[in-house]
Amino acid sequence: MKELEKAELEIVKFMRGKYRLEEVALMNCGRPCVKFRQGKRTVVSIDLYEDNYKFQL
């Protein structure tokens, strides 16, 4: 397992366990994206790239 994949698993475990947010996977400008929401409000958006992540709070 690559380091980026390990980081991805830890991020998702943290976000699901600590904050109890709804997870929505979608495409943003042709890139995969995961959004964590409370109701209709997005709390954290994570754009997934080949070798890094872009977090938007």
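Predicted model: local features only at pLDDT ≥ 70, side-chain atom pairs only at ≥ 80, totals over all residues.
Me: Which residues make up the largest nonpolar core?
Reply: The largest nonpolar core has seven residues in all: Met15, Leu21, Val34, Phe36, Val44, Ile46 and Tyr53. Such a core is a set of buried Ala, Val, Leu, Ile, Met, Phe, Trp, Tyr and Cys residues joined through side-chain atoms within 4.5 Å. Residues are numbered from 1 along each chain as its sequence is written.

Me: Take Phe36 then. Buried or exposed?
Reply: Phe36 counts as buried because its relative accessibility is 0%. Buried means under 20% relative accessible area, exposed means over 50%, and partly exposed lies in between, with a 1.4 Å probe and protein chains only. Phe36 is found in strand β2.

Me: What does Phe36 touch?
Reply: Not counting residues up to four places away in sequence, Phe36 touches Met15, Leu21, Glu22, Glu23, Arg41, Thr42, Val43, Val44 and Ile46. Contact here means heavy atoms within 4.5 Å.

Me: And which residues is Leu21 in contact with?
Reply: Leaving aside neighbours within four places in sequence, Leu21 is in contact with Met15, Phe36, Arg37, Gln38 and Val43.

Me: Back to β3. Why does Ser45 count as buried?
Reply: Ser45 counts as buried because its relative accessibility is 3%. Ser45 is found in strand β3. Residues up to four places away in sequence aside, it touches Cys33, Val34, Lys35, Lys54, Phe55 and Gln56.

Me: New topic: how many aromatic pairs does a search of the whole structure find?
Reply: The search finds one aromatic pair. Tyr53 and Phe55 form this pair, which is edge-to-face, at 6.4 Å centre to centre and 75° between the planes. Rings of Phe, Tyr and Trp (its six-membered ring) pair if their centres lie within 6.5 Å; planes under 30 degrees apart count as stacked, over 60 as edge-to-face and the rest as tilted.

Me: Is Tyr53 buried or exposed?
Reply: Tyr53 counts as buried, at 18% relative accessibility. Phe55 is partly exposed, with a relative accessible area of 44%.

Me: What lines the largest pocket?
Reply: The lining consists of Lys2, Leu4, Glu5, Glu8, Leu48, Tyr49, Glu50 and Tyr53. On a 1 Å grid over the protein atoms alone, a pocket is an open set of points where a 1.4 Å probe fits, with protein on both sides within 12 Å along at least five of seven lines, and lining residues have an atom within 4 Å of a point.

Me: How much space lies in it?
Reply: About 150 Å³ lies in the largest pocket. That volume is the space filled by probe spheres set on the grid points, which are joined across faces, edges and corners.

Me: Which helix gives the most to the lining?
Reply: Helix α1 (residues 3-19) gives the most, with three residues. Glu5, one of the lining residues, lies in this helix. Glu5 is partly exposed, with a relative accessible area of 38%.

Me: How far apart are Glu5 and Asp51 in space?
Reply: They are 9.8 Å apart, C-alpha to C-alpha, and 46 residues apart in sequence.

Conventions: Heavy atoms only, no water. Helix = DSSP H or I, 4+ residues; strand = E, 2+ residues; numbered from the N terminus.
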